[in-house]
There are 2 protein chains.
Amino acid sequence: MKKPVNPTLEDVARVANASTATISRAINTPDKVAPETRLRILNAIRELGYTPHSGGRALASNRSNTVGAIIPTMANAMFASGLQSFQEELAIAGVTLLVASTGYDGKHEFSQIQSLITHGADGLLLIGAARLPETREFLALRQIPYVVSWCYKPDPKILFAGFDNHKAAYGMTMEVLRQGHRKIAMIAGISEGNDRASNRIKGVKQAIRDFGSPAKLLKVMQTPYSQTKGGDAFANLMHKPTVPTAIICGNDVLAAGAIVRARQLGIAIPRDVSITGFDDIDIATTVYPTLTTVRVPQRRMGRSAARLLLELLTTDNKPASIEFETEIIFRESLAPPPS
Amino acid sequence: MKKPVNPTLEDVARVANASTATISRAINTPDKVAPETRLRILNAIRELGYTPHSGGRALASNRSNTVGAIIPTMANAMFASGLQSFQEELAIAGVTLLVASTGYDGKHEFSQIQSLITHGADGLLLIGAARLPETREFLALRQIPYVVSWCYKPDPKILFAGFDNHKAAYGMTMEVLRQGHRKIAMIAGISEGNDRASNRIKGVKQAIRDFGSPAKLLKVMQTPYSQTKGGDAFANLMHKPTVPTAIICGNDVLAAGAIVRARQLGIAIPRDVSITGFDDIDIATTVYPTLTTVRVPQRRMGRSAARLLLELLTTDNKPASIEFETEIIFRESLAPPPS
DNA sequence: CTGAAAGCGCTTACAG
DNA sequence: CTGAAAGCGCTTACAG
């Protein structure tokens, strides 16, 4: 017998000598099928290498058991372990994860959201609260269930599993001030279309304002998240007439880039200038001196996001947002300024 | 008028006052539709937030314009930029990428392959040549077009866009020997089910054998790809009675872990022991001392893989595999042994 | 426990 | 340039 290359339920039915309805039940609700029938069917499925066609399935059942995650980038570990936990939690519920990335571009985000919905995602994980108006409209119009992670706001209309970037950056800045720094600079991510980046900037500014004179924010440089760019921004800051004694970085990648560049320039960290990061990814301990940074509870956040989304998808509950606390991890790159 | 939450072609047809056939044409072959009709339809689509249902589309057209990539892990940058290039190249052709990860587990790989095929992937990008027998059978039975990357073999039955791991590891080992090292150890990845890891081990062994006495491979430790594990393996090697003068690592993550641990243990790199890596990801220059490593042409590989897969999918050509060369990048972590 | 049949949202010859 | 209609692969009341 010739095996069909793309076997369908009908092919399985023929081989297993049963109706397509029974095959479907054997796959989806096995205990509604007699054990011997089930066995026969399972053998036929294996023999043919049958996999259900998700299109037909989605069409007929009006659900896909699939959710989508749209993250800014896969290029560094910022989202990797959170996404991993998200996926693991979904897998327990038998839900498949589809992943797409945006390159920090709102238009890309919109088209990736549409693409994932088109591919049958029942719900979405989105990063951050900043979103194009057309994207918001689309999400609202289509009443797409989604949870927003990596940030938190007390906004009852949106379901968050995240943390307060403003508060976290504020806290780190206060610590830098407490250690005696007064001339401070920041190397931040690009704030446009990125509320995490902009709230971290606002948090730093607010802390320095609240602390009052003589604390001063010399400069905030915005640059894409790459080590090289972080290094460039660092070199730039250190060439100005007034040099900071501490530089607060928008994330660990920028901070690591600054530290590497400092070494190349013969600038000692933290003796000549202190550096802090944000995220606490692996790179924070790879770099030398090791990085004082803000730890983000990625794994717990990812897991919670999955649970909230599943609850949204499978129950009528209206689950509440979850705010996670961040924590300052003290390592070598931050020390009091030379007196 | 009440807007449907999940608008269908029929809804668009009603609003735009046209048949579903015309709507479909306006979307897929716009120039077969009168300009004014097209405009009316586009407005209706926007108004309703319509996105085509990929299930219905795949069912009716028997293609999905989607390919899947299955990578071992998203947890570090080993595959990130290659995948990025792969995606960019696909995007040019209007093809969507679905990504899944396996955690270096053959069974997971099989189920993720099935899942992506189920979700309509027309073709696949796979990493490495090691694969479970059932996975091979499935790929063959279903005649699934795929390209294998991150490795290369002169096997005409499989389409590769990769490099020769054995040769690359052999080359690095020869360089280490050339610089005068004779007592060598290796910290490798887990070779089971991972041909890249095992071929790198074989390459190192072969080089040392070819070089002949007094060169000796003291020990090969296999460990999962994490900095901590790399550090543990390093500590272990340095506590043995016979200490190596050079440690060749299976990838940069392991090597970085070794270097970080060396610092903690007060062991000087490269004075006390040299370290080499594999991949040349960002971490190779973040770590201090910076890492001498094998550069893998990730971006070109990803782009080629996409082109080969598209060729497979859209033409009747039988494209040929592409072998990329790797290159040793000299940095600080490798130096001649103390004489 | 099993089967016949309707219908999910699309595309595409076919006809005009 | 446009429309009516068949059919893609599934699931699921309904009937037995």
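Let's start with a helix in chain B. Helix 8 of chain B, residues 165-178, lies across strand 6 (183-188), strand 8 and strand 9 of chain B. Helix 8 runs at about 170° to strand 8 of chain B. Some terms, quickly. Helices (H or I, at least four residues) and strands (E, at least two) are DSSP runs, numbered from the N terminus. Axes are lines fitted to C-alpha atoms, for helices over the stretch in contact, and angles run from 0 to 180 degrees between N-to-C directions. Contact means heavy atoms within 4.5 Å.

Now the ground rules. This is a predicted model: local features need pLDDT of at least 70, side-chain atom pairs count only at pLDDT 80 or more, and totals for chains, interfaces and linings use all residues. Residues are numbered from 1 along each chain as its sequence is written, chains are lettered from A and ligands numbered from 1 in written order, and side-chain values use heavy atoms, leaving out hydrogens and water.

Back to chain B. Helix 10, residues 227-238, lies across strands 6, 7, 8 and 9 of chain B. Helix 10 runs at about 155° to strand 6 of chain B.

What is the order of the strands in the open sheet of chain B? The order is 7-6-8-9, four strands with parallel pairing. Strand 7 (216-222) and strand 9 (274-276) of chain B stand at the edges, each with a single partner strand, so one side of each has no neighbour in the sheet. Neighbouring strands are turned by 20° against each other on average, direction ignored. Two strands pair if DSSP finds at least two bridges between them.

Let's go through the pairs. Strand 6 and strand 7 of chain B pair in the parallel sense over six bridges. There, Met186(B) has Val220(B) in strand 7 as its bridge partner. Strand 8 (residues 246-249) and strand 9 of chain B pair over three bridges, again parallel. Ile248(B) stands opposite Thr276(B) in strand 9 of chain B.

Is strand 6 of chain B enclosed or open? Five of its six residues are buried, so strand 6 of chain B is largely enclosed by the rest of the structure. Buried means under 20% relative accessible area, exposed over 50%, partly exposed in between (1.4 Å probe, protein chains only).

Next, helix 2 of chain B, residues 20-28. Its buried residues are Thr22(B), Ile23(B) and Ala26(B). Seen down the helix axis, they fall within an arc of 100°, so they line one face of helix 2 of chain B. That arc is taken from the directions from the helix axis to the C-beta atoms. Helix 1 (9-16) and helix 3 (35-48) of chain B are among what covers them.

Now both chains. Chain A can be laid on chain B with an RMSD of 0.0 Å, by a turn of 180° and a shift of 0.0 Å along the axis. The two copies are thus related as by a two-fold rotation axis. The superposition is by least squares on the C-alpha atoms of residues with pLDDT of at least 70 in both. Which residue of chain A comes closest to the rotation axis? Gly55(A), at 1.7 Å (C-alpha).

Finally, the interface. The contact takes 46 residues from chain A and 46 residues from chain B. The area buried between them is about 3900 Å², and carbon and sulfur atoms give 56% of that. Buried area is the accessible area (1.4 Å probe) that two parts lose on being put together, summed over both.
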